[in-house]
Amino acid sequence: MKLPINIIFLIIMAVTAFGQKTIEPLKQTITFKVDQLGNSEVEAGMQLNASQWDYFKRNIGSNVSILKRDMERALPTMFLKDFRYEEQAMERRYILKFKALGVAKLKERNKWVVDLESKNPDITPLSDNAYLMTSNLLMNGGLIQQTIKVFLPDEAKNITIEKDSFGTALFVYQLNNGL
């Protein structure tokens, strides 16, 4: 009597396992290349599957102003300018390039601070002045896998990751550039 119940249980588990659908996240990469004045060249791109690309083209199409407005809302503490849009239709990928002024702020003599606007981020050092930050976001019922690369100036020294009074992560570094 116990054997048929086990077999029925295994069949039910197998059917439910095949019925589950894995959610494929949107993969977004953002690269900040901070210069000696605290400004940054930003490159934001997204790799999409076929259905995501079709949805993207139907809703945004070639109307880059929607992407620009979204970036301005996502980065309200920075002044954004010189937007350029590139599309790689065969790879179902788009790249939005722009300049962000005021990414790093001068706090004291030779001491610069970059606010990451995130609490407890997962940060991995890539080199002395390059860092990788990953996060997963749930937005509008979809999963977004975000990879953010931050390249600080080559002349930056004593780079540390600190927290402000609200628990937000900060890059703090010294840069002797005459300011």
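Two strands pair if DSSP finds at least two bridges between them. Strands are DSSP runs of E with at least two residues, helices are runs of H or I with at least four, and both are numbered from the N terminus. The model is predicted, so local features need pLDDT of at least 70 and side-chain atom pairs count only at pLDDT 80 or more, while totals for chains, interfaces and linings use all residues. Residues are numbered from 1 along each chain as its sequence is written, and side-chain values use heavy atoms, with hydrogens and water left out.

**View 1. The hairpin of β5 and β6.** Strand β5 (residues 104-108) pairs with strand β6 (residues 111-119) in the antiparallel sense, over four bridges. Leu106 stands opposite Trp112 in β6. Two residues lie between the strands, and Asn110 in the turn has a positive phi of about 65 degrees.

**View 2. Thr31 in strand β1.** The strand spans residues 26-34. Thr31 has a relative accessible area of 15% and is therefore buried (buried is under 20%, exposed over 50%, partly exposed in between, with a 1.4 Å probe and protein chains only). Not counting residues up to four places away in sequence, Thr31 touches Glu41, Val42, Glu43, Lys149 and Phe151; contact means heavy atoms within 4.5 Å.

**View 3. The largest nonpolar core.** Such a core is a set of buried Ala, Val, Leu, Ile, Met, Phe, Trp, Tyr and Cys residues joined through side-chain atoms within 4.5 Å. Strand β4 (residues 93-101) supplies the largest share, four residues. Contacts of Tyr173, not counting residues up to four places away in sequence, include Val34, Ala104, Asn110, Trp112 and Ile159.

**View 4. The largest cavity.** A cavity is a set of points, on a 1 Å grid over the protein atoms alone, where a 1.4 Å probe fits but cannot get out; lining residues have an atom within 4 Å of a point. Grid points are joined across faces, edges and corners, and a volume is the space filled by probe spheres set on the points. The count is one cavity of 30 Å³ or more, and the largest holds about 30 Å³ of space. Leu116, Ile123, Tyr131, Leu132, Met133, Val150 and Phe171 line this cavity. Strand β8 (residues 130-139) gives the most to the lining, with three residues.

How values were computed: On a 1 Å grid over the protein atoms alone, a cavity is a set of points where a 1.4 Å probe fits but cannot get out, and a pocket is an open set with protein on both sides within 12 Å along at least five of seven lines; lining residues have an atom within 4 Å of a point.
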